Amino acid sequence: MANFDLMRRLAKSQGGKIILLVMDGVGGLPMQPGGLTELEAAQTPNMDRLAEEGSVGLSHPIARGITPGSGPAHLALFGYDALEYEVGRGVLSAFGVGLDMGPTDVAARGNFCTVDENGLITDRRAGRIPTEVGEEMVRLLRTITVPGVEFEVQIEKEYRFVLVLRGEGLHGGVADTDPQMTGKPPLTARALVPEAEHTAALVNAWIDKAREVLKDQHPANMMILRGFAQDPNLPKMQDIFKLTPACVAVYPMYKGVSKLVGMRIAETDAHTTTEGEFQKVAEIWEDHDFVFCHIKYTDSRGEDGNFDAKVKVIEEVDRALPMLLDLKPDVLVITGDHSTPAAYKAHSWHPVPTLLWAPGTQMPDRAVAFGERECMTGALGQFPATDLLPMALAHASRLDKFGA
Ligand code: ZN
C-alpha cells in the first residue's frame, strides 16, 4: 500500500503527467461458463493497442474477497487505505454538491420517501421523483428553522438530498433514520455516542418540522436520513504525492471524494457525455499534472444486469480515447474502482482489470488486448489498489530513489 511517510520523502513536484481514467465497475464476468466478460466482448481497438504496448494486471480494491462501495474503492485508487480513512456518506454527498463543511459541521444524506396515513413507509424513494420535483421539496425543507443550529439543504439528484448542520458542539455519531425497508416508520435520530446526544436532539426537532411541511405533498411526503458524518480531514494529495490534481466527473459523490483528497473539481453537469468529459480533461490539462476522469455508466449498466449495454459504454469510451491520447500524457492508467458484473447486477469482490501505459517507462508483457484473462498474465500481476498511485508516480519519473 501507499506508505504516506515514504511518499512524502520520495515524491517529486516535477516529472511526467498522469491521467487516471476510471470506468466505474468495469470488471465483469461471463454470462455463461466459458463466455467472454464485458470488457473482453467489447470492441476496443485503442485500449487493446495500449495494453499491447503497456503493462496490465488486476487490482484488489480493499482486500481479497471484499466487495467495496465506490467511495472507499476510489480512495484506494488515489492511494488511501480505505480501512484507515473511512469517510461518511453524508460528507461525500455534501462535498459532491459543492457545500463546504466547517470542522464541526455534520452532514447526512437524505431520501424523500412516501409514507401512508399511519406514517409507515410505502416507498423508500418516493417513486424516484425527478430532480425538479426533488428541488421543490428541498425548497420546503429550507423554510425549517431550529434554534441553536443552522441547517442547509441541497438537492443531490432525483429523490436524494444533502442536509448539513452548522454550529458548535455537533457530532457525527448519529444513527440512520432509514429503517431500510417498507412497512416501517422512519426511525428517530438516535445518538450512537454520548457526545452526539445534542446533535440527535437537533435533528429530531428538524425531522418533526419536516414531517409537517411535507405532509400534503405527493409522493414525497416524508424523508429519511443516513450517513451522518463530519469532515474526516484527510491528508491531501498535494502534500503526500506532490501532485496538482484535478477531477472530471459527472456524479456528485465522485466529485466529493476527489475534493476530500485535495483535487480541483472541473465543472460538469448531469448531461456531460464521455466526449464532453474528455474535452474537460483537455481544458484543464495545462494546469495539472494528475487528472482523474470518471465514467459512471459502466457501473450503472452492470447493476441493471445489461451485459450488452455495458459493452456499448466501454466501446464508446474506447472510441473517444484518442482525445486523451492527443494530450500526450506520460502515464495513462485505465481501470475501474471495482467489478460490477452484469451477471451479478451488483458490485462484486472480483479483482479489477488495470492497464498502465507509459511510453517512456513501461514494461511490456504478453497481453495483446485489454480484458480480464489478459490482465491475469500481465506485468502488474495482482496487486492492492492502493499500490496503483505509487506505480503511476514511478512511471511518471516522480519518485526519488530510496536509499543510497
Ligand atoms: Zn463504483
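Modeller: Buried means under 20% relative accessible area, exposed over 50% and partly exposed in between, with a 1.4 Å probe and protein chains only. Helices (H or I, at least four residues) and strands (E, at least two) are DSSP runs, numbered from the N terminus. This is a predicted model, in which local features need pLDDT of at least 70, side-chain atom pairs count only at pLDDT 80 or more, and totals for chains, interfaces and linings use all residues. Residues are numbered from 1 along each chain as its sequence is written, and side-chain values use heavy atoms, with hydrogens and water left out.

Colleague: Which residues of helix α11 are buried?

Modeller: In α11, residues 297-304, they are Thr-298, Asp-299, Ser-300 and Gly-302.

Colleague: And what covers them?

Modeller: The cover includes β1 (18-23), β10 (290-295) and α12 (307-320), where contact means heavy atoms within 4.5 Å.

Colleague: What follows α11?

Modeller: Gly-305 does, with a positive phi near 75°.

Colleague: Turning to the metal, what are the protein donors of the zinc ion?

Modeller: They are Asp-24 (OD), Asp-24 (OD), Ser-70 (OG), Asp-337 (OD) and His-338 (NE2), 2.0 to 2.7 Å from the zinc ion. Donors are N, O and S atoms within 2.8 Å of the metal (3.2 Å for Na, K and Ca); water is not among the atoms, so sites may look incomplete.

Colleague: Where do Ser-70 and Asp-337 lie in the chain?

Modeller: Ser-70 is in helix α4 (residues 70-77), while Asp-337 is in the loop between β11 (331-335) and β12 (352-357), 267 residues apart.

Colleague: Is Ser-70 buried or exposed?

Modeller: Ser-70 is buried, at 7% relative accessible area, and Asp-337 is also buried, at 1%.
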